[in-house]
Amino acid sequence: TMASILRESGANTPARTPKAPPPKTKPRRRAAVYAKGALVWVARDGDAWVPAVISGQTETDVVFMLEDGEEIVMSPAVAEQQCLPRADMASIPADLVKLPRLNEAELLEALARRFAESNIYTNAAITLVAINPLQLRSDALYDATTAAAYRAGHHDVAGVPHIYAVAERAHRAMIAAPHSTAASRAQSIIISGESGAGKTFTSNAIIKYLAERSSPGCPGDVARRIVAANPIMEAFGNARTTRNHNSSRFIKYTSLHFGPDGNVIGAGTQTFLLEQTRVVEHDIEERNFHIF
């Protein structure tokens, strides 16, 4: 209490011998625990992270050997900030949480290697990471056969990353509790990314999948009208930018309405325009909204 504090600070209180502070311990630097021959990632300008091997280490220097034969020497303090441990991965899992090490360099390497193998989708637990290949897909990645496989359960919705797997998982969760309230059965899919990442394509593909997922119980014209409404909405909210000829300049909240049997019976869209000033002014080499 305040009273006891005042008493202890009085003149009659005997002086106390201050305790000696505990000895300071040097922080354990990450580079100091790397042995010669350890696999690491080294930060490089323009390349993010490059693979390297520790070829030597002293009290004052850490020597890294890059794959192209270049040798880099850093102090332990600099190496602490510019290197990360690297795992020797013969294969890349389809789910990033299964990586032997989780750090920025390993995540980027996993995504890059999967992309090089034409796998543009990678799971991160319940999140799907998509990399836009910036080219038209000529394969059967989005055809009716692929969609039917996910609907029939031929592809494990958690084992084969795909936007159809996300949509199928949401639909199954919705119909798994038929006696629950509508609010508890509601499912949400959030699509985010920078300009040109493929948000518009992804949202259209998911809506198309879920609309056709109800066939044959859903009338064909209902599914067609839901899918056909997207280009109209995009005309009012999409515009050409320096990075994307069809960039979404608005936030779109689309709700699909399902009946008790799990069949889609309608949809609604609410938009939030992000750049109202684009109507009267826009940057050089950019354009107004498509509708104008």
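Is Glu-70 buried, exposed or partly exposed? Glu-70 is partly exposed, at 33% relative accessible area. Buried means under 20%, exposed over 50%, and partly exposed in between (1.4 Å probe, protein chains only). Point 3 returns to this residue.

1. Basis. This is a predicted model, in which local features need pLDDT of at least 70 and side-chain atom pairs count only at pLDDT 80 or more, while totals for chains, interfaces and linings use all residues. Residues are numbered from 1 along each chain as its sequence is written, and side-chain values use heavy atoms, with hydrogens and water left out.

2. Overall. The protein chain holds eight helices and 11 strands. These are DSSP runs numbered from the N terminus (helices: H or I, at least four residues; strands: E, at least two). Of the 292 residues, 33% are buried. Take the contacts with a separation of 6 or more: 42% of them join residues 24 or more positions apart. Contact means heavy atoms within 4.5 Å. The accessible surface is about 18,800 Å², and carbon and sulfur atoms own 55% of that. Areas come from the Shrake-Rupley method with a 1.4 Å probe; for residues, only the protein chains shown count as cover.

3. Salt bridge Glu-70 to Arg-44. The whole structure contains four salt bridges. The criterion is a side-chain nitrogen of Lys or Arg within 4 Å of a carboxyl oxygen of Asp or Glu. One of the four pairs Glu-70 with Arg-44, at 3.1 Å from N to O. Glu-70 sits in the loop between β3 (62-66) and β4 (71-74) and Arg-44 in strand β1, so the pair ties together parts that are 26 residues apart in sequence. Arg-44 is partly exposed, at 30% relative accessibility. Side chains of opposite charge can pair when their charged atoms come close.

4. Glu-168 is buried, with a relative accessible area of 0%. Its salt bridge to Arg-172 has the closest N and O atoms 2.9 Å apart. Both residues belong to helix α5 (residues 163-175); they are four residues apart, about one helical turn. Arg-172 is partly exposed, at 34% relative accessibility. Arg-213 also forms a salt bridge with Glu-168, and here the closest N and O atoms are 2.8 Å apart. Arg-213 lies in helix α7 (residues 199-213) and Glu-168 in α5, so this pair ties together parts that are 45 residues apart in sequence. Arg-213 is buried, as is Glu-168. Shared partners join Glu-168, Arg-172 and Arg-213 into one network of salt bridges.

5. Helix α3. How far apart are the end C-alpha atoms of α3? They are 18 Å apart, and the 13 residues (104-116) should span 18 Å at 1.5 Å a residue, which agrees. The expected span is 1.5 Å times one less than the number of residues. At the N-terminal end, Asn-103 is the cap: one of its side-chain oxygens lies 3.2 Å from the backbone nitrogen of Ala-105. After the helix comes Ser-118, with a positive phi near 70°.

6. Cover on α3. The buried residues in α3 are Ala-105, Glu-106, Ala-110, Leu-111 and Arg-114. Their cover includes strands β1 (39-44), β2 (48-57), β5 (83-85), β6 (121-124) and β7 (127-130).

7. Gly-56. This glycine lies in strand β2. Gly-56 is buried, at 15% relative accessible area. Beyond its neighbours within four places in sequence, Gly-56 is in contact with Lys-36, Val-62 and Val-63. Ala-38 is 18 residues away in sequence and 9.8 Å away in space, C-alpha to C-alpha.

8. Asn-238. The residue lies in strand β8 (residues 238-239). Asn-238 is buried, with a relative accessible area of 0%. Setting aside neighbours within four places in sequence, its contacts include Thr-200, Arg-249, Phe-250, Asn-288 and His-290.

9. Nonpolar patch. Ile-232, Phe-236, Val-279, Val-280, Ile-291 and Phe-292 make a nonpolar surface patch of about 650 Å². Patch residues have over 30% relative accessible area and no salt bridge; like charges are joined within 9 Å, and nonpolar side chains (Val, Leu, Ile, Met, Phe, Trp, Tyr) within 5 Å. Phe-292 is found in the segment after β11 (264-273). Phe-292 is exposed, at 64% relative accessible area.

Key:
A polar contact is a pair of N or O atoms within 3.5 Å; within protein, one must be able to donate a hydrogen and the other to accept it, and residues adjacent in sequence count only if both atoms are side-chain atoms.
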